[in-house]
Amino acid sequence: MKGIIFTSDALLAILISTILLIATAQALASQPTSNLAPLGLQRLQADALAGMDKEGVLATALADGDTAEIRSFLGIMPANLCLTTTVRNQAGTLMLADQPACQCTGAKTTAQRAFLRITSTGVLEPYIASMEGCFT
Amino acid sequence: MFQPRKRGQFFGADAILAFLLVLFALVAAGVATESLDSQISTTEITHRLTERATDSLNQLIRTPGKPADWNLLTTVDNTTIDSLGLSHEANLLDPQKVARFFNLTNSTDGFEQACVLLAIREPGYNFTLTLTYANNTVAYTTLYPAPVQSHIAASIERVAMLNHESVRARLTLWIEPIQ
């Protein structure tokens, strides 16, 4: 009996084709379906920093040396985010840090905002607030 | 003397098998192309919706609108105002503008006007805007509920302040399926 499909050449060809198909499918599946997620996250971070600045949350937290108000404000953010907020002075010295215990599963994005705080002596001091975020 | 062969080669088992294999490959390629076309088309539409939703939400939560006191006008449509905006300062929502906007969008005509003013003009396009407090209480929502999964949709979420409270503003833009 003469067989076409069962020759060793044909079997080898089928094997190679199958391997190539599986490899391609796996490579395609590992690609992110959207690159817009980090951009959306960064916008949310920028919104949160703007809101905290305009409502005086950052200045109050800095004056009290307590991040509780920042944490409370960030309650509005989606639960699947891990957000770390830090405040540095003009010299770059870390003045405040709010670091929750959470694990990132994706890439981190950072948003920054400069804000002014009036000291008790009436002097305006510039600060930089940074928010690093990622999906958990 | 020359004897012509009676058996036709085209109908041999090898040829039929080869023909079937080629046919199978062609059909498979056709199905794959169709599926890929559909996926590309959906991705393109979703991308366009995302872009539109991003711009519209940005306009709403970061601009006061034009004129800035549009909420005081008796008639709100594209002849009386140039653009809709809900904030008096970026990310700080004006409670009066927010109330007027949701009052406007709770009627079919007002909703149509809001679509025009937010440049959501393509036929079949709809939007849902929802403002939610941190405790998940819905402060405001527009006339039409958020779409079911079968629709092509894009959602954008931002954070803003309303009456000194932080709110999540979620804009979902979707296309009604063709009947």
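What share of the contacts in chain A with a separation of 6 or more comes from residues 24 or more positions apart? I looked it up: such residues account for 60% of those contacts. Two residues count as in contact if their C-beta atoms, placed from the backbone, lie within 7 Å.

A note on the source. I am reading a predicted model, in which local features need pLDDT of at least 70, side-chain atom pairs count only at pLDDT 80 or more, and totals for chains, interfaces and linings use all residues. Residues are numbered from 1 along each chain as its sequence is written, while chains are lettered from A and ligands numbered from 1 in the order in which they are written.

**Entry: overall form of chain A**

The C-alpha trace of chain A spans about 100 × 25 × 20 Å along its principal axes.

Next I looked at the domains, whose bounds come from an automatic or database domain assignment. Domain 1 of chain A covers 1–31 and domain 2 covers 37–135. Their C-alpha centres lie 53 Å apart.

I also looked up burial. Buried residues make up 21% of the 136 residues in chain A. Buried here means 20 or more other C-beta atoms within 10 Å of a residue's own, with C-beta atoms placed from the backbone.

**Entry: helices and sheet**

I read the elements along chain A and got α-α-α-α-β-β-β-β. They are DSSP runs, numbered from the N terminus: helices are H or I of at least four residues, strands are E of at least two.

The four strands form an open antiparallel sheet in the order β2-β1-β4-β3 of chain A. Strands pair if DSSP finds at least two bridges between them. The edges are β2 (94–98) and β3 (109–118) of chain A, each pairing on one side only. From one strand to the next, the twist averages 20 degrees.

I then followed one pair. Strand β1 (residues 81–89) and strand β4 (residues 124–135) of chain A share nine bridges. T86(A) has S130(A) in β4(A) as its bridge partner.

**Entry: across to chain B**

I found 16 residues of chain B in contact with 15 residues of chain A. On the chain B side, α1 (13–62), β7 (152–162) and β8 (165–175) each supply at least two residues. The largest share, six residues, comes from β7(B).

Methods. A residue is buried if 20 or more other C-beta atoms lie within 10 Å of its own, exposed if 12 or fewer, and partly exposed in between; C-beta atoms are placed from the backbone. Axes are lines fitted to C-alpha atoms, for helices over the stretch in contact, and angles run from 0 to 180 degrees between N-to-C directions.
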